[in-house]
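Thanks, everyone, for making the time this morning. I would like to take you through one model, beginning with the whole chain and then moving to a few local details.

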Amino acid sequence: MTDEITVFTGSGNPEFAQRMCDLLGVELSPTNITRFSNDCIQVQLRANCRRKDVYIVQPLVPPVQENLVELLLMLDAARGASANHITAVIPHYAYARSDKKDASRISIGAKLVADMLSAAGATRVITMTLHSEQVHGFFNVPVDHLTAVKELAAAFSEDDLSDTVVVSPDFGYAKVASEFARRLDLPVAAGSKRRMADDKVIIDRIVGDVEGKKVIIIDDEVATAGSMIELIQKLREEGVSDISIATTHGLFTGKAVERLNAEPDIARIVSTDTVPLTAERTPERLQVRSVAPLFAEAVRRHNCGESVSSLFSDEPTYG
């Protein structure tokens with residue numbers, strides 16, 4: 001396998017790519033990224049790609065546009081170097097939130113970026129926890145859509161979960177919340193949410209019994225934390241006694257850290273490492289669970305022609 005796989009990474013999260021390579025037992029191949037005087041980016045893949053299975057690891061994290069262009073150029077470079085297969089490994093696909101036309105004259109960015117990836121040379125995409133299920137269908141190439149539910153649930157499996165309820169921020173995420181709750185043998189509640197703007201929502205009520213309970217809120221991502229704080233305030237009105245948060249993509253942008261740190265009811269926040277964190281974007285009480293083993297196992301199974309979907313029911317090879 002090691003003779004067939006070549007892994008490159010851009011600037012998005014090289015530490016994550018290195019963790020994957022360590023688990024796979026392959027070297028992380030070097031990439032040279034430079035910038036011309038006119039501000040254009042140039043990418044050079046500095047390892048042989050001919051007839052190789054090439055995996056390019058690049059989350060679409062801030063600065064999103066810079067990282068997206070790097071990824072597109074790396075895909076194009078691998079195609080020009082006669083790679084056998086080219087897989088874009090995108091732990092966080094930021095444009096997934098732009099998945100519908102909910103206002104006049106706007107672009108459906110999730111579909112446009114998916115088209116750009118295949119046009120640049122990607123023959124497969126491996127990603128995790130897209131904002132909505134329909135985004136999977138926007139791609140013109142096969143997609144392995146991984147989930148962090150098992151890893152997030154493991155973070156709570158040793159806790160005393162008596163009188164605990166899993167809470168979905170809205171009905172759209174209730175299916176994932178139900179899977180998370182099933183793994184912990186817990187009931188589920190959901191918020192009735194209306195989105196007013198990117199960082200502003202109104203939660204009318206909580207559907208389900210949460211009075212006097214401990215709750216675990218699960219969501220796909222936390223960006224500015226505006227929606228999360230609104231939900232926490234509504235739960236507080238319902239008389240919850242303890243709040244934990246589980247999220248796949250901990251972006252913690254804008255005033256998120258300040259907002260979360262100001263909430264004394266939050267016992268802890270559990271996130272994964274799909275998004276690299278800085279000291280300024282790390283809230284108190286945060287625990288990070290690595291999903292690099294999941295991505296490494298998905299790459300191994302893809303390279304060996306094994307099922308990736310069974311990864312979430314089988315015992316993992318890496319851990």
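Predicted model: local features only at pLDDT ≥ 70, side-chain atom pairs only at ≥ 80, totals over all residues.

The protein contains eight helices and 14 strands. Its radius of gyration is 20 Å, close to the 20 Å that the globule rule gives for 319 residues, and it is therefore as compact as a globular protein of that length. The C-alpha trace spans about 60 × 45 × 35 Å along its principal axes.

As for how the chain covers itself, 50% of the 319 residues count as buried, and the protein exposes about 14300 Å², of which carbon and sulfur atoms supply 47%. If we take the contacts between residues at least 6 apart in sequence, 64% of them join residues at least 24 apart. On the charged side chains, there are 34 positive and 45 negative ones, and the centres of the two sets lie 5 Å apart.

Let me now go to strand 6, which covers residues 124–128 and has five of its five residues buried. In a regular strand, side chains alternate between the two faces of the sheet. Which residues of strand 6 lie on one side, and which on the other? Arg124, Ile126 and Met128 are on one side, Val125 and Thr127 are on the other, and all of them are buried, so that both faces of the strand are covered. Strand 6 runs parallel to strand 5, residues 85–90, and four bridges join the two; within that pairing, Ile90 stands opposite Thr127.

Strand 13, residues 266–272, is also mostly covered, with six of its seven residues buried. Its parallel partner is strand 12, residues 242–250, to which four bridges join it, and Ile269 of strand 13 is the bridge partner of Ile245.

In the loop that leads from strand 13 to strand 14, which covers 286–289, we find Arg281. Is Arg281 buried or partly exposed? With a relative accessible area of 22% it is partly exposed, given that buried means under 20%. Beyond its neighbours within four places in sequence, Arg281 is in contact with Leu251, Phe252, Val257, Val275 and Pro276. Ser98, by contrast, is 183 residues from Arg281 in sequence, and the two lie 23 Å apart in space, C-alpha to C-alpha.

Finally, the backbone. The peptide bond from Pro62 to Pro63 is cis, with omega near -5°, and Pro63 lies in the loop between strand 4 (53–57) and helix 2 (64–80).

Thr129, in the loop between strand 6 and strand 7 (143–146), has a positive phi, near 50°, and at 10% relative accessibility it counts as buried. Ala225, in the loop between strand 11 (214–222) and helix 6 (226–237), has a positive phi as well, near 70°, and Ala225 counts as buried at 5% relative accessibility.

That is where I will stop, and I am happy to go back to any of these places on the screen.

Notes:
Residues numbered from 1 in each chain as written. Heavy atoms only, no water. Rg over C-alpha atoms; globule rule 2.2 N^0.38 Å. Buried < 20%, exposed > 50% of the residue type's maximum accessible area, 1.4 Å probe, protein only. Contact = heavy atoms within 4.5 Å. Areas by Shrake-Rupley, 256 points an atom, 1.4 Å probe, with all protein chains shown as cover. Lys, Arg positive; Asp, Glu negative; His and termini not counted. Charge placed at Lys NZ, Arg CZ, Asp CG, Glu CD. Pairing = 2+ DSSP bridges.
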